Amino acid sequence: MNLIIGIILAATSVVVTILMSGDLKSFWSLSSAFIVLGGTIFSTVASFSFPQLKSAVKAIGIAFRKEDDNLREDIDVIINLANIARRDGLLALEELMDEMKDPFMKKAIMLVVDGSDPEMIESVLDTELQATKARHADNRAVFDAAAAYAPSYGMAGTIIGLICMLRNLSDMASLGPSMAVALITTFYGSILANIVFSPMSKRLKTLGALEYTRKEMVIEGVLAIENGENPRIIKEKLESFLSRMALEGKIKAPAAETGEKS
C-alpha cells in the first residue's frame with residue numbers, strides 16, 4: 001500500500017507542477033517515450049536471464065502487497081509448539097504440521113520430528129535462507145539496472161534530438177520546439193528511474209528484511225525447541241528479534257516499549 005500511495009503522490013506532484021507552469025500536452029512525445037521505455041526494457045532484458053526476469057516480474061506483485069510485520073503471531077506459534085513438545089515430546093509436533101501455512105516453519109518442524117541433529121537442522125534452514133536472500137538480490141538487481149538505464153536512454157534521446165535540431169538550424173522558428181522535445185526524453189528517464197524502478201527496488205529490500213528476520217526467528221525457535229529449552233526462555237530470545245527490528249525502524253515497537261496497553 002505504501003508503494004502505491006508513494007508512486008501516486010510522486011506522479012501527482014509532477015503533474016501538478018506541470019499544470020502550474022504549462023500544459024500536459026507539451027510534455028508528451030511518442031518518440032521520447034519509445035526510446036526511453038523501449039530502450040530501458042530491452043537493455044534490462046539483455047542483462048539478465050529469463051528465469052531472473054520472470055522472478056522479478058513476480059516480485060512486482062509482492063512489492064505492492066502490504067507488509068506483514070506481525071512477527072508476534074509467529075512467536076506465539078513457536079511458543080505453542082515449544083509447550084506441546086515439552087509436554088508431549090517432539091513427535092507430538094507431527095500432528096500439527098498439516099495446520100502450518102508457513103512452508104519454512106513446516107520444513108523446520110519436519111526436520112525436528114525426523115530426529116535430525118541441531119547442526120543438520122541449522123545447516124538446511126540456513127541454506128534455504130541464503131537462497132532466499134540470493135533470489136531477492138537478483139530481483140532487486142533487475143530494477144536497479146532499469147533505474148540506471150532509464151536516465152541513460154533519456155540522455156541518449158536528448159542527444160539525438162539535439163543532433164536533429166542542429167542539422168536544421170536554417171529553420172530558426174523550430175529551434176525552441178525541437179529543444180523542448182529533446183529535453184523531454186531526459187525528463188522521462190528521470191521520472192521512470194525515481195518514481196518507478198528505484199522505489200520498487202527499495203520496497204523489495206524492505207520486505208526482504210522482514211522475511212529474513214522471520215526465517216532467522218524460526219531457526220532460533222526451532223533449535224531451542226529441539227534442545228528442550230524452557231518456553232519462557234525461548235519467548236525472551238524471540239522477542240529480541242522484535243526489539244532489533246523496532247530499533248532499526250522496520251517494524252512498530254512492541255506495546256511494552258511504546259507504553260501502549262496490550
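How many salt bridges does the structure hold? I found seven salt bridges in this predicted model, and I took some of them one by one.

Entry on arginine 72. I looked up its partner and found glutamate 239, with the closest N and O atoms 2.6 Å apart. Because arginine 72 lies in helix 4 (residues 71-88) and glutamate 239 in helix 8 (residues 231-247), the pair ties together parts that are 167 residues apart in sequence. Arginine 72 is partly exposed at 29% relative accessibility, and glutamate 239 is partly exposed at 25%.

Entry on lysine 133. I noted a salt bridge with glutamate 216, whose closest N and O atoms are 3.9 Å apart; this pair links helix 6 with helix 7 (residues 175-226) across 83 residues. I checked accessibility too: lysine 133 counts as partly exposed at 27%, and glutamate 216 as partly exposed at 25%.

Entry on histidine 136. Leaving out residues up to four places away in sequence, I listed Gly208, Glu211 and Tyr212 as what histidine 136 touches.

Entry on confidence. I read a mean pLDDT of 86 for the protein, with 89% of its residues at 70 or more. Confidence is highest in helix 2 (residues 30-47), at a mean of 93, and lowest in helix 9 (residues 255-258), at 48. Over residues 256-262 pLDDT stays under 50, and there I noted four contacts beyond four places in sequence.

Terms used: Residues numbered from 1 in each chain as written. Predicted model: local features only at pLDDT ≥ 70, side-chain atom pairs only at ≥ 80, totals over all residues. Heavy atoms only, no water. pLDDT = per-residue confidence, 0-100. Helix = DSSP H or I, 4+ residues; strand = E, 2+ residues; numbered from the N terminus. Contact = heavy atoms within 4.5 Å. Salt bridge = Lys/Arg side-chain N within 4 Å of Asp/Glu carboxyl O. Buried < 20%, exposed > 50% of the residue type's maximum accessible area, 1.4 Å probe, protein only.
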